[in-house]
Amino acid sequence: MDILLQITIILVCLFYGARKGGVALGLLGGVGLVILAFVFKLPPGKPPVDVMLTIIAVVAASATLQASGGLEVLLLGAEKLLRRNPKYVSILAPFVTCILTMLCGTGHVVYTMLPIIYDIAIKNNIRPERPMAAASVASQMGILASPVSVAVVSLVAFLAKAPVDGHVIDFIGVLSITIPATLTGVLAIGIFSWFRGKDLDKDEAFQALIADPEKRAIVYGETGPSASLLGKSLTASQWTAMWIFIGAIAVVALLGAFQSLRPVMGGKPMSMVLTIQMFMLMAGALIIMFTKTDPSTIGKTEVFRAGMIAVVAVFGIAWMADTVFEAHLPILKATLTELVKTQPWTFAIALLLVSKLVNSQAAAISAMVPVGLAIGVPPAYIVAFAAASYGYYILPTYPSDLAAIQFDRSGTTHIGKFVINHSFIVPGLLGVSTSCLVGYLLVSSRGMI
């Protein structure tokens, strides 16, 4: 009975923290911890220090890239690709936002692309909902395929402590599953989006909207500044910053692929967790050294703000969850082990629901992966179903989804009458389920399960 009450406390803290938003999600973990330790007398678990330090290193490098202007180089290249192929924007846009997320480690890059995607779609008489909703969903799916994302870094760190027959699914092993699974899911979204909804000339609501000349001018962007980065000139320092960051990611991937390149310590190659931390910190330092970046602006960037919120969330949530599940591990193993072995997809469902509750893939992974490993979920299944950590498309409350709705002046990207029937629900379900299926097929074909 105690365990049910304690799990309820966790869920209440998660739900209330998610509703408050920001750092509240992590801070509410402190409330749960105090209740668990002082009321239920549970010994406090272990906060995921390695994960938190890695997040800080990655966020610091990514924020330095944004402060240097190097991020604009990537965004400008993405816009050029889309404007050269406007007819295929419904398929290209989700791939562009997904790849930008993979390179930068955060889905926040989508905000700059959304008005550009809308501008391309509406001026080519393409229903904006098609690329807009797909782009928003794909930008979040890219997190599980990014070598420098908080979610992937967290997943790798947890798996490093769960060897199977003396071997762990390492950094490259994770990405070799999540990257193809994610890109296949994004392709499924793009194909679906190509055909979704009515064409604008057959959409009665849209035609009624543009019947008013004033509203038509707003919809087609005939008033106000054009949404474009094309007129912006890039400096040499911006290019330098971008290449330093991309180079650091390439080196990390290389070191992950070839263990022999890493120094041997205690008879084993240096862990990828430490490797990522070192090279991300170095990348940020090199950007400052070789560009005109003002270090005081780094902490003011959107990437840094979002990243530090993630650190606090992971700290509070993971510590609180570990406290309960570590205390009741024997009971949980006896109760759930057989279920997850015979029905491993149940872990994916649990991960999806927790993700919706906490609105964060990193937080969902930090809360659920240690629990899954502890009760006997095979690590290969956890990697295969990692895409299920993106479940916050279920309700249209995530900032990128809300931004897509606001940027779509045609009104085609929308929240339905019943809330659940919104523009992102089908692309989200399709993309995540496809990614999980492909992930499962990949680990099965490689004999990992």
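# Checking the labels on a predicted model

Colleague: Let me start with Gly142, which is found in the loop between helix 7 and helix 8 (150-159). How do you know where the numbered helices are?

Modeller: Helices are DSSP runs of H or I with at least four residues, strands are runs of E with at least two, and both are numbered from the N terminus. One thing before we go on: this is a predicted model, where local features need pLDDT of at least 70, side-chain atom pairs count only at pLDDT 80 or more, and totals for chains, interfaces and linings use all residues. Residues are numbered from 1 along each chain as its sequence is written, and side-chain values use heavy atoms, with hydrogens and water left out.

Colleague: Good to know. Why is Gly142 called buried?

Modeller: Buried means under 20% relative accessible area, exposed means over 50%, and partly exposed is in between, using a 1.4 Å probe and protein chains only. Gly142 has 0% relative accessibility, so the label is buried.

Colleague: And what does Gly142 touch, leaving out residues up to four places away in sequence?

Modeller: Gly142 touches Cys98, Thr101, Met102 and Thr182, where contact means heavy atoms within 4.5 Å. Another residue to look at is Gly185: 43 residues separate it from Gly142 in sequence, and the C-alpha to C-alpha distance is 10.0 Å.

Colleague: What makes Gly45 a buried residue?

Modeller: Gly45 has 13% relative accessibility, so it counts as buried. It lies in the loop between helix 2 and helix 3. Beyond its neighbours within four places in sequence, Gly45 is in contact with Trp319, Asp322 and Thr323. Val324 is 279 residues from Gly45 along the chain, with 7.8 Å between the two C-alpha atoms.

Colleague: Where does Asn125 sit, and what is its phi?

Modeller: Asn125 sits in the loop between helix 6 and helix 7. Its phi is positive, about 55 degrees, and it is not a glycine either. With a relative accessible area of 54%, Asn125 is therefore exposed.

Colleague: Then why is His414 called partly exposed?

Modeller: His414 has a relative accessible area of 29%, so it falls in the in-between class. You will find it in the loop between helix 19 and helix 20 (425-445). Not counting residues up to four places away in sequence, His414 touches Glu129, Ile405, Asn421, His422 and Ser423. Asp50, by contrast, is 364 residues from His414 along the chain, with 40 Å between their C-alpha atoms.

Colleague: Met289 lies in helix 13 (residues 272-290). Is Met289 buried or exposed?

Modeller: Exposed, because its relative accessible area is 59%.

Colleague: What packs against the buried residues of helix 19?

Modeller: Helix 6 (110-122) and helix 7 (129-141) do. The buried residues of helix 19 (residues 399-407) are Ser400, Asp401, Ala403, Ala404 and Ile405.

Colleague: What makes a set of residues a nonpolar core?

Modeller: The members are buried Ala, Val, Leu, Ile, Met, Phe, Trp, Tyr and Cys residues joined through side-chain atoms within 4.5 Å. Here the largest such core has 145 residues, and Met113 and Met280 have the most contacts inside it. Past its neighbours within four places in sequence, Met113 is in contact with residues including Leu75, Leu82, Val96 and Leu100.

Colleague: Stepping back, how do you know that the chain is as compact as a globular protein of its length?

Modeller: The chain has 20 helices and 2 strands. Its radius of gyration is 22 Å, close to the 22 Å from the globule rule for 449 residues, so the chain is as compact as a globular protein of that length. The radius is taken over C-alpha atoms, and the rule is 2.2 Å times the number of residues to the power 0.38. Of the 449 residues, 54% count as buried. The C-alpha atoms fill a box of roughly 70 × 50 × 45 Å along the principal axes.

Colleague: And among contacts between residues at least 6 apart in sequence, what share joins residues at least 24 apart?

Modeller: That share is 81%.
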